[in-house]
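Let's take a friendly walk through a protein chain together.

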Amino acid sequence: MANTISLQAEIRDAFGKGAARRMRVANQIPATIYAGGAQPVFIKLPMKETTLALRRTNALFTLSYGEDRKTAIVKDVQRNPVKRIVEHIDFYEVRAGEKIEVSVPVFVEGTPKGAAVAFVDLQELNVRADVSHLPERIVVNVEGLVDGTKILAKDIEMPQDAELATDGEESVVTVEVPEDATESTAPAPEPVAAPEDAV
């Protein structure tokens, strides 16, 4: 189920690189809330709380500013390529009961059989889900699977109230024995006897 995170925002009326720089010095992050065809709302958020909240995948945000409040999800995060600090966030307003498409990271659990290893072919799956049940992750169990097994998107059980939006024939996880493991487990060649000395 989606995590609902509440953040107290302020309306911002200063724009441009200089204004954004001053906000970051004041430990604030500039952000924009988009809502369909309506005019976007420009806000600023507390840096520490917001940065921590962004660690949660597909979280649902309640953004309060003045007497207004909007429920939204994160659509884009801009980070400084060197310092990795958050420089700007785009939010998209959602409403109760609405279904939206989101990307969900794929993780594997369990150990395949023998020397086989599970490789994640698709790092994220696109799913369509109710905003109140946006999945944070999709876990694929590979316990005991043998070399050559492929798990396709259509084979994966979707989280509660979620529908697969990725092509069902896409390979998500492949189980195989790595080449170096095959070489290391191959039987050693028989020693060749040296020819006897001629008499």
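Begin in the loop between α1 (17-25) and β3, which is where Asn-27 sits. Keep in mind as you look that this is a predicted model. Asn-27 has a phi near 60°, a positive value, and it is not a glycine. Why stop at such a residue? Most residues other than glycine have a negative phi.

Asn-58 gives us another example: its phi is positive, about 55°, and again the residue is not a glycine. You will find Asn-58 in the loop between α2 (47-53) and β5 (60-65). Is Asn-58 buried or exposed? Its relative accessible area is 17%, and buried means under 20%, so Asn-58 counts as buried.

Now move to strand β7, residues 86-93. Six of its eight residues are buried, so β7 is largely enclosed by the rest of the structure. Which strands does β7 pair with? One of them is β3 (residues 28-34), which runs parallel to β7 and is joined to it by four bridges. To see this pairing on the screen, find Thr-32 and look across to Asp-90, its bridge partner in β7. Strand β6 (residues 68-79) is joined to β7 as well, by seven bridges, and these two strands run antiparallel. Here you can pick out Ile-73, whose bridge partner in β7 is Tyr-92. β6 and β7 form a hairpin with six residues between the strands. In that hairpin, Arg-84 takes a positive phi near 65°.

Arg-128 has Glu-163 as its bridge partner in β13.

Which residues does Lys-154 touch, leaving aside neighbours within four places in sequence? Its contacts are Leu-164, Gly-168 and Glu-169.

In soluble globular proteins, nonpolar side chains tend to be buried together. The largest nonpolar core here has 26 residues, and Leu-125, Ile-156 and Val-172 touch the most other members. At least two residues of this core come from each of β8 (99-109), β10, β11 and β14 (171-176). The largest share, four residues, is supplied by β8. Domain 1 (4-94) and domain 2 (100-176) each contribute at least three residues to this core.

Not counting residues up to four places away in sequence, its contacts include Val-102, Val-104, Val-106, Ile-138, Ile-156 and Val-172. Apart from this core lies another one, of 20 residues, including Met-47, Phe-61, Leu-63 and Tyr-65.

Technical notes:
Residues are numbered from 1 along each chain as its sequence is written. This is a predicted model: local features need pLDDT of at least 70, side-chain atom pairs count only at pLDDT 80 or more; totals for chains, interfaces and linings use all residues. Side-chain values use heavy atoms; hydrogens and water are left out. Buried means under 20% relative accessible area, exposed over 50%, partly exposed in between (1.4 Å probe, protein chains only). Two strands pair if DSSP finds at least two bridges between them. Contact means heavy atoms within 4.5 Å. A nonpolar core is a set of buried Ala, Val, Leu, Ile, Met, Phe, Trp, Tyr and Cys residues joined through side-chain atoms within 4.5 Å. Domain bounds come from an automatic or database domain assignment.
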